[in-house]
Structure formats: C-alpha cells, structure tokens
Amino acid sequence: MVYDVAAVRAHFPALREGAAHFDGPGGSQTPDVVAEAVRATLTSAVANRGSVTAAERRAEEIVRTARRTMGEFLNAGSIVFGRSMTQLTYDFSRTLAKNWRPGDEIIVTRLDHDANIRPWVQAAEAARATVRWAPFDRTTGELPIEAVTNLLSDRTRVVAITAASNLLGTRPDVAAIAAAAHEMAAFVYVDGVHYTPHLPVDVEAMDADFFVCSPYKFLGPHLGVLAAAPELLETLRPDKLLPSTNAVPERFELGTLPYELLAGTTAAVEFLRGLDGLEEHEFGLRDQLEAGLRELGVRIYSKASSRTPTVLFSVDGLEPAEVYRRLGAEGVNAPAGHFYAIECSRWLGLGDKGAVRAGIGPYNDESDVDRLLKAVARLR
C-alpha cells in the first residue's frame, strides 16, 4: 500500500501555518481527531470516576479505554499514567531505591536523555549506591551490548537504557541487554520516548520490566505513560496519600487523572495505528535527507546501523544556534541543542551547545526535505 502523505497532512491544522516541521522529536504536531477528542471530553459532563452518575461513568470509561488502548499498543500488562516521562521516572526511581543498600549498583548510559539518567543518579546518591556508566562509540554512535553487560554484577539493581537515542536516533539491542541484566536479577528500565513514534513497540519481546513513553511525541497530548507487568507493580510501595487506593496501577497515579488528555491519547494511538506504510515512508525520507546533507558536505553524527528517522548534524563554521535561527527564518523548523541528552552531547565532543536535529514525522513529505536541504545549502 502506498503511504498517502497528503491525506495524512490534511489532518494536521498546524501545517497550514506553512512551516516544514522537523521538530517532532521534541513534540509532534497534533491531528484534528486528537484535538476533537480533547474538546469533546472537556465539553461533556465528567466527574470523579464512579458508577452512580453518567458523569462518573464517562470518566471511568475514558480511563479504562486509555489503559486498554495503550496496553495493546505497547503489548504490556499494566499502564500507569503520569504528567510526563520525567515525572514517572523520578517517582519510580525513588520507589525502587527504597530497597537499595550501600554498595548496590545502578547502570546508566552516555547515550540516554537525562530523564533516564539523573533520577537514577540522584536516587543512587541518596541510597549510597554506586552508579556505573556505559559508554557508546563516539565514531559510530553505536552502544555495543558489551558496553552495558560488562558492567553487570550481582549487585546491579537497575539498568536504565534507551530504546532509541533522542539525539542520535541510535537503537541499542535492548532485548539482549535485558536478558543479561535479568540473569543478575536486575530490573531493566527502558526509555521508549523517542522509539515509540517510529516503530512498533512490544514491551514483552523487549523484555523490559518498565517501559516509559510520552504521547505528545506520537501525535497525542502532553502526558507520560509507564508500562509494566501488574505482578511487578504489586511488589512496589510508592509514597501516596492515606485515603487513595492501593490498587494497581492507581496507587502510582497521584491525584485525579486528566481525562481529556487520556481521551486524546486514545485518539492518537488509533490514528497512528491507521498509518499503513509509515515506517517505510519515514525511513525513506531520512535516507533522502542524509544523502542530500552529505552532498552538501555537512557533518552528520547519526551513523548507527539501527536508528530512527532522526538526523543530528552541524555545519562547519556556524554555531548550531545560528543554523537553527537561519533555518527558522525560512520556515524550516529544525532546532539545535543537546535536547536534554546532555551526557550524549558531551560524550560526542559537542559540549552543551549540541548540534542541529532534524526528525522525520508522519506528516513530513519530500517537499519538506527539499526545503531543508535548500535552506542548508544557502548557509554555505
């Protein structure tokens, strides 16, 4: 089936403003069906969840549908909703750290977004546990399996790893790393924020104990999602209010859930599921973009053999922020920076300034890529 990008683009009102959006890795544009789901919820009678009134039943159904939809989308047993991936990771790092002892070990990688590094580092410091850092190859952008597995020991409690780097697009072999970590009885916490918008997710096949993602990166509202087996969640005791339920997964959700955002998340997943040929479309545009950038002599950092349709690059003689500004002036939104993957940027030698990132999304087309390439050519 041919991917009908024109039909897809028609669902995105934001595109009428005329910009070519390569800023999806920081937050995608939103289709009309998601906005309508949010609007319909906000203009309907909704109350605290329950079974007595119509408003209560509507709230209950919204939550149940969102959990079921996300569970099917990720092939995961139980779904926890939170304000963001960062908030959920802080909450779960603190909960897991209650069982850590001095001398226990936590593994993080230089490839990850800081949201899957700093919560673990800070929790380890509080528990007097040891943090071990897995490096990636600066030349290829690859994170070899051995970079993580060589750090494992019988004191390892958590391995925090990304399913795809939000800076480089690199996709480590999470399943292989998880298998080795589980032999040491360690938990595996996977940041799937950048992976989920581009590739089918199977948390069970990934062998992840915890998998987190953000709907606003895959066409939905600003929200965080954590997936885990209900049996695992039953063993954890988070801090919570005394009268709040002790049921799983609700015991991990602080306060009333944002029903309108859950409805929007359900709509986003349903829309994304309907995009047949998306992967081939996005990766085809990535190849077109990379080929064009190479012809222009642009320095490309995204080189891993397995990666998302995301390209990190820099233009010799120009600061990344200047490239970003000049592209933006031409209606091409390709931002620059470290994008909170600050350890990754520093490890690459890019410091805190980072580089320019161009991310392909479902609504990008060949004309967008042409605009970016022509705009870069004019920088030379």
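Reply: Happy to! Ring pairs join Phe92, Trp100, Trp120, Phe187, Tyr189, Phe210 and Phe252 into a cluster. Rings of Phe, Tyr and Trp (its six-membered ring) pair if their centres lie within 6.5 Å; planes under 30 degrees apart count as stacked, over 60 as edge-to-face and the rest as tilted. This is a predicted model, where local features need pLDDT of at least 70, side-chain atom pairs count only at pLDDT 80 or more, and totals for chains, interfaces and linings use all residues. Residues are numbered from 1 along each chain as its sequence is written, and side-chain values use heavy atoms, with hydrogens and water left out.

Me: How many aromatic pairs does the structure hold?

Reply: Nine. In one of them, the centres of Phe92 and Phe252 are 5.0 Å apart with planes at 20°, so this pair is stacked. Both residues are buried (under 20% relative accessible area, 1.4 Å probe, protein chains only).

Me: Which kind of pair do Tyr189 and Phe210 form?

Reply: A tilted one, with 5.7 Å centre to centre and 35° between the planes. Tyr189 and Phe210 are both buried too.

Me: Where does a charge sit over a ring?

Reply: The general test is that NZ of Lys or CZ of Arg is within 6 Å of the ring centre and within 35 degrees of the ring normal. Here, the charged end of Arg357 is over the ring of Phe339, 3.7 Å from its centre. Arg110 lies over the face of Trp133, 4.1 Å from the ring centre.

How values were computed. Buried < 20%, exposed > 50% of the residue type's maximum accessible area, 1.4 Å probe, protein only.
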